[in-house]
Amino acid sequence: MAKINDNYLKLKAGYLFPEIGRRVRAFAAANPEAKVIRLGIGDVTRPLAPAVIKAFHEAVDDLATVENFAGYGPEQGYDWLINAIIEKSYKPLGVDLKTEEMFVSDGSKCDCANILDIFALDNVVAIGDPVYPVYNDTNVMIGRTGEADEKGYYKGIVYLPCTEENGFIPSLPTGKVDIIYLCFPNNPTGTVASKAELKKWVDYALANDAVIFYDAAYEAFITDPSIPHSIYEVEGAKKCAIEFRSFSKTAGFTGVRCGLVVVPEEVMGTTTIGERYSFNKLWLRRTTTKFNGASYPVQKAAAAVYSEEGWKQNKEIIDYYMENARIIREGLADAGLTVYGGVNAPYIWLKTPAGLSSWDFFDKLLTECNVVGTPGSGFGPSGEGYFRLSAFGNRDNVIEAVERIKKNLK
């Protein structure tokens, strides 16, 4: 009989967002008259930018002609898209990248999981707490961990608490680790890291031959000009960091699917006999073996994001969501809640009132306000007592949700 991967059985509960979906469906079935406003999962609601739609249509039309038909493309992405990203997103930051160092994918969630393929299981991994669940769960799935303890911490992972006391920015590990997950602007807390803060992590990684997995999926939402958009703005980072970016939130591609990974050629690991080897070569091999590339129309649409017209249009969409964030942040603060985030990120991280647990507050908002958010404990033990709201909603719904919450808390 075929054997299963027992590591999946270590996962103590269903993935966070399906559990939220289950509870919301049950409530909606029992209360069909209720108007439920969803500010939980970070799914976008604004249409794709007109320039992006135009490019999408043109690319589909290409597939209808012999002259312009596109079949298999390069697994790592078309050069015309990669070069557009480098020119528009990285060079203005003072970051020079080679075409060979960027890989276009079908989304950064997949990339954050798939990158583990090229790292040995005996690497010691450090992740923040609370954190985007994919970082933790994929390490469990591949067999890097033992069982979880009563708090939900898995043996074999180094957890770095991100609390009110440390400004939701983790402290450096006290011992040596090999892989470090960092996410800024942070999901779920909305925290950003200064260049000086990131320099500490780069210095640690260089001193300990560690690799940083830097999730910059929300960099386009940064409003403070002093905050880095890429870890490669920090000297030395190209020797120790792999960066992930996504079109999902920055261009509304949650249903279109496109992301990218930057693996500089200088980022090295060691073989079992101690020889140094470039992770770039390993990721290229993995990509060309296990992936056939993002589709041609999707990449054409992604390239339109970097056109003059597309760049302006997408900035307007981001501004729309950030205005939502302001409305939520200021409205809940006026209601007496302790609120974080929502300034350089589309997420608002709030303290649950009256000592309620994260899931109790979720149920309270759902049943009494008909508003859906995300329990902080779903992002890790240090998220208990906190709650995440997303700014990716319709403006009228956002305003109504805030008013419902304020009224309920009076």
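These are my notebook entries on what I looked up in this predicted model.

**Entry 1**

I began with the overall layout. On the domain 1 side 36 residues take part in the contact, and on the domain 2 side 50 residues do.

**Entry 2: where the domains meet**

Next I asked myself how much area is buried between domain 1 and domain 2. I found about 3,500 Å², with carbon and sulfur atoms giving 60% of that. My reminder to myself: the size of an interface is often given as the accessible area lost when the parts come together.

I then looked for the residues that stand out. Lys10, Trp311 and Asn344 supply 21% of the area that domain 1 buries against domain 2, more than any other three residues.

For polar links, I noted 17 residue pairs in polar contact between domain 1 and domain 2. Which elements give two or more residues to the side of domain 1 that touches domain 2? I listed H9, strand E11 (339-341), strand E12 (347-351) and strand E15 (386-390). H9 gives the most, with six residues.

I also checked for salt bridges, and the rule finds one across the interface of domain 1 and domain 2. In a separate look at side chains, I saw Glu164 and Lys351 meet in a salt bridge, at 2.9 Å from N to O.

**Entry 3: helix H8**

I turned to helix H8 (residues 296-305) and wondered why it counts as largely enclosed by the rest of the structure. Eight of its 10 residues are buried, so the rest of the structure largely encloses H8. I wrote down the buried ones: Tyr296, Pro297, Val298, Gln299, Ala301, Ala302, Ala304 and Val305. What do they pack against? I found helix H2 (50-62), helix H3 (79-90), strand E2 (102-105) and helix H9 (308-334).

**Entry 4: strand E7**

Strand E7 (residues 241-246) was my next stop, and six of its six residues are buried. I traced which way they point: Ala241, Glu243 and Arg245 go one way, while Ile242, Phe244 and Ser246 go the other.

Strand E6 (residues 211-215) runs parallel to E7 and is joined to it by four bridges. In that pairing, Tyr214 stands opposite Glu243. Strand E8 (residues 259-262) pairs with E7 in the antiparallel sense, over four bridges. There I found Arg245 opposite Leu260.

**Entry 5: two single residues**

I picked Lys98, in the loop between H3 and E2. Is Lys98 buried, exposed or partly exposed? Its relative accessibility is 43%, so I put it down as partly exposed. Beyond its neighbours within four places in sequence, Lys98 is in contact with Ile86 and Glu265. Ile86 is 12 residues away in sequence, and the C-alpha atoms are 8.2 Å apart. With Glu265 I found a polar contact between the two side chains, at 2.8 Å.

Ser390, in strand E15, gave another picture. Its relative accessible area is 1%, so I noted Ser390 as buried. The Ser390 side chain reaches the backbone nitrogen of Phe392 at 3.1 Å. Leaving out residues up to four places away in sequence, Ser390 touches several residues, including Leu39, Ile41, Ile328 and Tyr347.

I ended with the backbone. Most residues other than glycine have a negative phi, and most peptide bonds are trans. So which exceptions did I find?

- The peptide bond from Asp129 to Pro130 is cis, with omega near 10°; I located Pro130 in the loop between strand E3 (125-129) and helix H5 (133-141).
- Phe184 and Pro185 are also joined by a cis peptide bond, with omega about -10°; Pro185 sits in the loop between strand E5 (179-183) and helix H6 (195-208).
- Arg257 is not a glycine, yet has a positive phi of about 80°; I found Arg257 in the loop between E7 and E8, partly exposed at 29% relative accessibility.
- Asn370 has a positive phi near 55°; Asn370 lies in the loop between helix H10 (358-369) and strand E13 (371-372) and counts as buried at 16% relative accessibility.

Conventions:
Residues numbered from 1 in each chain as written. Predicted model: local features only at pLDDT ≥ 70, side-chain atom pairs only at ≥ 80, totals over all residues. Heavy atoms only, no water. Buried < 20%, exposed > 50% of the residue type's maximum accessible area, 1.4 Å probe, protein only. Contact = heavy atoms within 4.5 Å. Pairing = 2+ DSSP bridges. Buried area = accessible area lost by both parts, 1.4 Å probe. Salt bridge = Lys/Arg side-chain N within 4 Å of Asp/Glu carboxyl O. Polar contact = N/O pair within 3.5 Å; in protein donor to acceptor, adjacent residues only side chain to side chain.
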